[in-house]
Amino acid sequence: MSRPHLRIFPENYSVPLSSSRQSNNSSRRLSPFAHSSSVKSPVISFCVSGRPRRLSGPKKLRMAPPILSLALPSETGRVLSIQSHTVQGYVGNKSAVFPLQLLGYDVDPVNSVQFSNHTGYPTFKGQVLNGQQLWELIEGLEANDLLYYTHLLTGYIGSVSFLDTVLEVVKKLRSVNPNLVYVCDPVMGDEGKLYVPQDLVSVYRQKVVPVASMLTPNQFEAELLSGCRIESEADGWEACNALHDVGPSKGQPPEQFKISIPRIPAYFTGTGDLMTALLLGWSNKYPDNLDKAAELAVSSLQALLQRTVKDYIAAGFDPQTSSLEIRLIQSQDDIRNPQPIFKATRFC
């Protein structure tokens, strides 16, 4: 794809935006500084030159340099990622930001929590961001004309007040870019056990599902959101249909497929966060071919998990005795250039 023609405009100059093609189930995405005669482009004010910055003395001013992720947008997108963060290990933003960057995305992380390590360890220390603090960050970005994002990605959220603020963030971002893609990993629990407050379930079901562009629940979370008990493959299809009726496809006939993968006898942390990031990354590259995007995402993840198990064994550790930290950095080639070993089968 050739890069759109670029010009730097002074502050408050109106810049035409055009739409690029997306899947049938989502609205078109705005791309700053690109113009297409075949699309009637909205016009917004977009400051790329920045605000005056004082150098020295009362009269010497110069313009701040442009934000290049806005002035020269990548061909993939600009992502705001609101998730947990750990100093050590790879979960939440630590598991999602790096893979998206490898796939060509500009990613701005907001850490919903900042812990020393994930909560599977005997102890952990850290801080929790509240809804007011999140909104202050959004206001800071808005004050500097930095709120143009193509994607919003959310993961673990620990309180109703914070999730309500996230919903306000969705509204704010879509007021800047109406075609924002909201990818939501509704992290609530696993294997029949909740690890967030019960009140969050109804907020996800009633408020988040209707505004999300993509949802990536695990089996337990799909049951909570759909109200369907999943005990068979047919139950899984029913739960997906229930979510599509109120969520991403808004009643449009969904395209359904499955990917069969081998079961690895080990427990890993951060895999759901990574899988959601990979699905965002590849589905945006193949907007009309979700099964191919899923094949690439699954193949990347499986290669990483196999390497993780192999490395633990090489270190003399039995991988079945404890949760494993994923080998993210060591698997970057599998993230950037996955071999599509695992294939999707369409459900008719």
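This is a predicted model: local features need pLDDT of at least 70, side-chain atom pairs count only at pLDDT 80 or more; totals for chains, interfaces and linings use all residues.
Biologist: Hi! Where is Glu191 found?

Modeller: Glu191 sits in the loop between strand E11 (189-190) and strand E12 (193-194). Strands (E, at least two residues) and helices (H or I, at least four) are DSSP runs, numbered from the N terminus. Residues are numbered from 1 along each chain as its sequence is written, and side-chain values use heavy atoms, with hydrogens and water left out.

Biologist: Thanks! Is Glu191 buried or exposed?

Modeller: Glu191 counts as exposed because its relative accessibility is 75%. The cut-offs are under 20% relative accessible area for buried and over 50% for exposed, with partly exposed in between (1.4 Å probe, protein chains only).

Biologist: And what is phi of Glu191 near?

Modeller: Phi of Glu191 is near 50°, a positive value in a residue other than glycine. Most residues other than glycine have a negative phi. Asp145 also has a positive phi, near 60°.

Biologist: Where is the place of Asp145, then?

Modeller: Asp145 is in the loop between helix H3 (131-143) and strand E9 (151-154). With 32% relative accessibility, Asp145 counts as partly exposed.

Biologist: Switching topic: how many residues has the largest nonpolar core?

Modeller: That core has 36 residues, and Leu100 and Leu278 have the most contacts inside it. A nonpolar core here is a set of buried Ala, Val, Leu, Ile, Met, Phe, Trp, Tyr and Cys residues joined through side-chain atoms within 4.5 Å. The elements giving two or more residues to this core are H2, strand E10 (181-184), helix H8 (271-285) and helix H9 (290-314). H9 supplies the largest share, 9 residues.

Biologist: What is Leu278 in contact with?

Modeller: Leaving aside neighbours within four places in sequence, Leu278 is in contact (heavy atoms within 4.5 Å) with Pro99, Leu103, Ala297, Ser300, Leu301 and Ile335. Another core, of 34 residues, lies apart from the largest one; Val110, Leu152, Val203 and Tyr204 are among its residues.

Biologist: You mentioned H2. Where is the place of Gln101?

Modeller: Gln101 is in helix H2 (residues 93-102). Gln101 is partly exposed, at 40% relative accessibility. Its C-alpha atom is separated by 9.7 Å from that of Val79, 22 residues apart along the chain.

Biologist: Last one: how many helices and strands has the protein chain?

Modeller: The protein chain has 10 helices and 17 strands. Buried residues make up 46% of its 348 residues.
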